[in-house]
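I opened a notebook for a structure that was new to me. Here is what I looked up, entry by entry.

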Amino acid sequence: MAMTMTQKILAAHSGRESVSAGELILADLDLVLGNDITSPVAIKEFRRLGRDSVFDRDRVTMVMDHFVPNKDIKAAEQCKMCRDFCTEQNVTHFYDVGEMGIEHALIPEKGLVTAGNAVIGADSHTCTYGALGAFSTGVGSTDMACGMATGKAWFKVPSAVKFDLTGKLRRYVSGKDVILHIIGKIGVDGALYRSMEFTGSGLASLSMADRFCMANMAIEAGAKNGIFEVDETALGYMRGHGCAEPTVYKANDDAEYDEVINIDLSVIEPTVAFPHLPENARTFAGIGEVRIDQVVIGSCTNGRLEDLIAAAEIMKGRKAAKNVRVIVIPATQKVYLDAMEMGLLRTFIEFGAVVSTPTCGPCLGGYMGILAAGERAVATTNRNFVGRMGHPESEVYLASPATAAASAVTGRLTSPWEVAEL
Amino acid sequence: MKYTGNVIKYGDNVDTDVIIPARYLNTSDHKELASHCMEDLDSTFVSRVKQGDIITAGLNFGCGSSREHAPIAIKASGVSLVIAKSFARIFYRNAINIGLAIVECPAAADEISEGDTVEADLDNGIIRNITTGREYKTAPFPVFVQKIIENGGLMEAIANGVI
């Protein structure tokens, strides 16, 4: 029977020849993930199940990234609970301060996911690993607890929307602009309960950072998962990161899609999502002057090395506009080290930015860059809901690293095309 | 399962950041989470919500983060049921897993007004607006979902051996 990429992975993980949209299945999991916010709730639930041990100590992972280094006593206690649990359970992949990074940048970097895997994570942006051709989806803490105990989760098999990508991105345009453009087109519930499957000749021009960023924001269109067809670029990434042998699933030519959306990458412009929804996507024509107070470059969406390179390219030899606070957060220790060795940290510091240890901190209004009432930030993060980065009367504009850097130069929302011409 | 309560009504895309702002996610204490429920959307919610109240909302209720703290905060506030035009998928799953009753019913979500008294029989898929007399049909809960909610959540249902 004809199936989508997602359906093929779910069939293979539930011992079935085929599955079809709407069926309920029980799937075997290759990896179960949690962070310092969601794992404590999962650990409490796990205890109530009365199990002695997790299903597989190599396939449960916890990453301390949201409020670490501990932002306050309560955060410290939440991390301690995770640390104690992982020590007791002898969890192989427990990542604490010093080794940690933002989970969705770290997990692929550590080679813990490969094509064809089925992964759940108690974090909505777990859909990121679809960039590697895995089925990967966010769940809550109770599902995480059941997953830790049994190595299984139930799913309703999703239908899918296919994105047929053609063309090639223009200079200073990235995967972030593409996904904001797509969410602007289909809305924050445009793919609700469904898969977003990315394929087409345009894939060839997208870097892995572009793909991780796009899969990461599938949830912002309501999707269950985002997944990319695996090509040589993805296989090269997996080989380079010591991932397990990939199993590549291609959708059947006659697979049923609810909708096929054609995206010509060559016409995508730098795109910004205005407050307070990721679907409020706009290009720069006629946006007027939007003064800003802060720029954040980082997060699971855009804290990878390619993102920092894009920002540094714009910042090099320039200075941050007066009264604009610029915060750069490499997503992992490795990204931090690579950025240091490439001289990017010098560029950021000379520009007038601060460079932080990896943390989710400001993205969700936790710490490390909270906004006051009336303040505006341009951020390479993934959500711009009311109060997301601080005061309910503050505003977040979602953009690419190049756009965020260009805005930091001028002190107003600015296209990288404008600054590059200066 | 039958629920009766007065309605507190919201619009589309009520996200998990307004249901429970991330600045309060350094705890998983149910009462503490409830004390900040809806804070950034409706600062009056906590003071006016009564045991058994029903929330109605528009499209994509609970969009955003996977934080189970969001349905926990709503349930611990005393809310017995959320009726929306649609729910974000992680929130939907989380709500059932923790034993918060939720149901999709676009017509009811549209027509029921703030302050109306509503009665819902989810096993039979009937929502009745006592204030206006209007009745709405929904898909009845599957039996396993009924059992999860009756037992107070997935873990309780497993522990009680009912699923």
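**Entry 1: cis bonds**

I began with P69(A), which sits in the loop between β3 and α3 of chain A. The peptide bond that leads from V68(A) to P69(A) is cis, and its omega is near -10°. I found another cis bond from P275(A) to H276(A), with omega near -5°. H276(A) belongs to the loop between β12 (272–273) and β13 (281–282) of chain A. For the element names, I noted that helices (H or I, at least four residues) and strands (E, at least two) are DSSP runs, numbered from the N terminus.

**Entry 2: what I am looking at**

I reminded myself that this is a predicted model, where local features need pLDDT of at least 70, side-chain atom pairs count only at pLDDT 80 or more, and totals for chains, interfaces and linings use all residues. Residues are numbered from 1 along each chain as its sequence is written, while chains are lettered from A and ligands numbered from 1 in the order in which they are written.

**Entry 3: helix α3 of chain A**

I counted 16 residues in α3(A), with 22 Å from its first C-alpha to its last. That is close to the 22 Å expected at 1.5 Å a residue (the expected span is 1.5 Å times one less than the number of residues).

Which residues of α3(A) are buried? They are A75(A), Q78(A), C79(A), C82(A), F85(A) and C86(A). Seen down the axis of α3(A), these fall within an arc of 125°, so they line one face of the helix (the arc is that of the directions from the helix axis to the C-beta atoms). I recalled that an α-helix has 3.6 residues a turn, so residues three or four places apart point the same way.

The face turned away from the buried side of α3(A) carries the exposed residues I73(A), D84(A), T87(A) and E88(A). My cut-offs: buried means 20 or more other C-beta atoms within 10 Å of the residue's own, exposed means 12 or fewer, and partly exposed is in between, with C-beta atoms placed from the backbone.

The buried residues of α3(A) pack against α2, β3 (60–63) and β4 (93–95) of chain A. Just after α3(A), N90(A) has a positive phi of about 55°.

**Entry 4: helix α10 of chain A**

I saw that α10(A), residues 305–315, is mostly covered, with eight of its 11 residues buried. Among them are L305(A), D307(A) and M315(A).

**Entry 5: where the chains touch**

The contact takes 38 residues from chain A and 34 residues from chain B (two residues are in contact if their C-beta atoms, placed from the backbone, lie within 7 Å). On the side of chain A that touches chain B, α2 (39–49), α3 (73–88) and α5 (141–150) of chain A each give two or more residues. The largest share, five residues, comes from α2(A).

**Entry 6: the sheet in chain B**

I traced an open sheet of seven strands in the order β4-β3-β2-β1-β5-β6-β7 (chain B), with mixed pairing (two strands pair if DSSP finds at least two bridges between them). Its edge strands are β4 (101–104) and β7 (135–137) of chain B, each pairing on one side only. Three bridges join β6(B), residues 126–129, to β7(B), and the two run antiparallel. I127(B) has Y136(B) as its bridge partner in β7(B).

**Entry 7: two asparagines in chain B**

Phi of N13(B) is near 55°, and that of N60(B) is near 60°; each is a positive value in a residue other than glycine. N13(B) lies between β1 (2–9) and α1 (16–19) of chain B, in the loop. Buried or exposed? N13(B) counts as buried, with 23 C-beta neighbours inside 10 Å.
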